[in-house]
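Please consult the sequence and the structure shown below.

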Amino acid sequence: MCQPIRDLQQHLRDFENQFDNAQGNLRGTAALWTLAGIGGVSGAAAVDASSIFGALGMEGAGTFSLISLISFIVILGVANLWQIDQFVYQRLLHSVFAYGMIIEEDLPARERLRNAINARVPDVTNALSLYYAGPITVYLAIFFASNLAQSDRESAALTTVLWILFAVSTIGALGLWFNSKKDDVSAAKEVILAKMQAMEMAARPEKAGASTDGPM
């Protein structure tokens with residue numbers, strides 16, 4: 001009985017490796033995006049942003065407007081990567097890990113690796129979220145400071161738009177942060193167990209019907 005379970009565990013480990021690799025690629029992209037934003041902000045401070053905006057027909061915009069726009073683009077990019085990482089791949093990983101914990105219950109205690117790991121480290125989702133929340137917080141601060149600096153110097157209409165974008169960015173980042181705390185391995189395990197129990201309950205009438213309809 002244990003060997004089929006061990007074979008299934010190996011398949012689950014393959015899935016976990018795939019999700020881990022996908023998340024690693026996303027975090028690497030987020031790091032590059034953040035560094036590109038630093039270069040963009042530094043470049044914006046060194047160029048004549050007014051002439052750039054003027055060529056685009058956006059009179060009254062200057063350096064601080066450009067810094068604000070770059071900050072918004074960085075926040076948007078990192079937030080999208082955060083959403084894919086934590087709300088797609090992390091939940092898939094939790095589901096596979098939780099299912100592995102369930103089937104480990106038929107193995108000897110010394111082989112219940114996932115249960116031992118979960119007992120020692122119940123959840124790392126919040127810590128992983130800091131990887132994305134940190135850069136977003138920094139760029140929100142840059143965004144806020146740039147909007148304050150440009151309020152009396154540049155286009156009032158553009159300043160209003162940028163403040164709206166800042167509010168949207170802040171609300172979106174907070175939403176991601178609070179929602180990232182709602183999913184963990186224990187929650188995934190409860191959902192999977194409930195689903196398995198529901199499937200077993202639904203299968204019982206069918207088996208009972210099959211037995212009563214059989215030959216006498």
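The bend at a residue is the angle between axes fitted to the seven residues ending there and the seven starting there. Helices (H or I, at least four residues) are DSSP runs, numbered from the N terminus. This is a predicted model, in which local features need pLDDT of at least 70 and side-chain atom pairs count only at pLDDT 80 or more, while totals for chains, interfaces and linings use all residues. Residues are numbered from 1 along each chain as its sequence is written, and side-chain values use heavy atoms, with hydrogens and water left out.

Helix 5 has a kink of about 35° at Tyr 131, shortly before the proline Pro 135. Its span was compared with the expected one, which is 1.5 Å times one less than the number of residues.

| Helix 5 item | Value |
|---|---|
| Residues 125-150 | 26 residues |

Thr 34 belongs to helix 1 (residues 2-46). Thr 34 is buried (under 20% relative accessible area), with a value of 14%. Beyond residues up to four places away in sequence, Thr 34 touches Val 74, Val 78, Pro 135 and Tyr 139; contact means heavy atoms within 4.5 Å.

A nonpolar core is a set of buried Ala, Val, Leu, Ile, Met, Phe, Trp, Tyr and Cys residues joined through side-chain atoms within 4.5 Å. The largest has 28 residues, and Tyr 132, Ile 136, Leu 140 and Phe 143 are among those touching the most other members. Helix 3 gives the most to this core, with eleven residues.

Methods:
Helix = DSSP H or I, 4+ residues; strand = E, 2+ residues; numbered from the N terminus. Buried < 20%, exposed > 50% of the residue type's maximum accessible area, 1.4 Å probe, protein only.
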